[in-house]
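User: I am new to this structure and would be grateful for a close look at one position and its surroundings. Please then carry on from there into a connected account of other parts of the chain.

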Amino acid sequence: MRGVADLAAKSAKFPRKERFVGDVQISKGFLHSGYPIMMNTNTSREILQITTKTNAWGILHELGHNQQTKVWEFEPHTTEATCNLWSVYISETVLDLHRAKAHRCLRPAKRLNRTQKYIEGGRDLKHWSEWVALETYLQLQEQFGWDAFKKVFATYHTMEGVPRDNNGKMNTYAETFSKVVNRNLLSFFKAWGWPIESATEQKLSGLPDWSDHPMAQYP
């Protein structure tokens, strides 16, 4: 939980407890987020095997859901994506488990295949969700580190007047992340099909461009 708070740029003392409740019948799936987080009784047996690191992904996924905030979420695209930032972060920094081993979907070959299929499909945001969307954030993390995300989240804690529509929120996110890392990231976000507006381009025109980003290989 200290790791969860650390990535979220929050106090380690949460305003309310994060509880997992096992039941024989829950409303959806094997686990779902909320207060409390619900899990199927069979899942609870696995979770109690705390020495098995590979059983942690689902727990961390739900804890990540509880940290998601509408101001930097782009529903429905990122609903099942950004929560996994916590899954990856805790796996690597607390459990000492590399992302490729924390979940089979993060093996390098699978990541590359998803990205290439997304490009071949025309970079359509209809297909930018779950693991595909997570790839965008992982590429940012692999270049700029976890501290960049912590600073972005901290910035949002005090940000006012954030747009409510996805286009506006995505432009705000691209601008915020760019300013945090002091680089113009717009060519990267455009490569993922984000609807970057001319006003955002003008705001960031003075920053050095991140021209050698991972998506630059896909013209």
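Analyst: His-213 is located in the segment that follows helix H11 (198-203); helices here are DSSP runs of H or I with at least four residues, strands are runs of E with at least two, and both are numbered from the N terminus. The model is predicted, so local features need pLDDT of at least 70 and side-chain atom pairs count only at pLDDT 80 or more, while totals for chains, interfaces and linings use all residues. Residues are numbered from 1 along each chain as its sequence is written, and side-chain values use heavy atoms, with hydrogens and water left out.

His-213 counts as buried because its relative accessibility is 7%; buried means under 20% relative accessible area, exposed means over 50%, and partly exposed lies in between (1.4 Å probe, protein chains only). The side chain of His-213 makes a polar contact with that of Ser-187, at 3.5 Å. Such a contact is a pair of N or O atoms within 3.5 Å; within protein, one must be able to donate a hydrogen and the other to accept it, and residues adjacent in sequence count only if both atoms are side-chain atoms. If residues up to four places away in sequence are not counted, His-213 touches Ser-187, Phe-188 and Ala-191, where contact means heavy atoms within 4.5 Å.

The whole structure holds 22 aromatic pairs. Rings of Phe, Tyr and Trp (its six-membered ring) pair if their centres lie within 6.5 Å; planes under 30 degrees apart count as stacked, over 60 as edge-to-face and the rest as tilted. The pair of Phe-149 and Phe-177 is edge-to-face because the ring planes stand at 80°, with the centres 5.1 Å apart. This pair links distant parts of the chain, since Phe-149 belongs to helix H8 (residues 146-157) and Phe-177 to helix H9 (residues 166-181), 28 residues apart. Both Phe-149 and Phe-177 are buried. Phe-188, the residue touched by His-213, forms an edge-to-face pair with Phe-189, at 5.3 Å centre to centre and 65° between the planes. Phe-188 and Phe-189 are both buried.

Arg-111 counts as buried because its relative accessible area is 11%. Its side chain makes a polar contact of 2.8 Å with the side chain of Glu-135. Leaving aside neighbours within four places in sequence, Arg-111 is in contact with Arg-99, Cys-105, Leu-106, Glu-135, Leu-138 and Glu-142.

Val-88 sits in helix H4 (residues 84-93) and is buried, with a relative accessible area of 0%. Apart from neighbours within four places in sequence, its contacts are Trp-57, Arg-99, Leu-106, Leu-138 and Trp-146. Val-88 and His-103 are 15 residues apart in sequence, and their C-alpha atoms are 8.8 Å apart in space.

Trp-57, one of the contacts of Val-88, is among the buried residues of helix H3. Helix H3 (residues 57-65) is mostly covered, with 8 of its 9 residues buried. Including Trp-57, these are Ile-59, Leu-60, His-61, Glu-62, Leu-63, Gly-64 and His-65.

The strands complete the account. An open sheet of 3 strands has the order E1-E3-E2 and mixed pairing; two strands pair if DSSP finds at least two bridges between them. E1 and E2 are the edge strands, each pairing on one side only. Strand E1 (residues 20-23) pairs with E3 in the parallel sense over 4 bridges, and Phe-20 has Ile-37 as its bridge partner in E3. Strand E2 (residues 31-32) runs antiparallel to E3, joined by 2 bridges, and His-32 has Met-38 as its bridge partner in E3. E2 and E3 form a hairpin with 4 residues between them, and Gly-34 in the turn has a positive phi of about 135°. Side chains in a regular strand alternate between the two faces of the sheet. In strand E3 (residues 37-40), Ile-37 and Met-39 point one way, Met-38 and Asn-40 point the other way, and all are buried.
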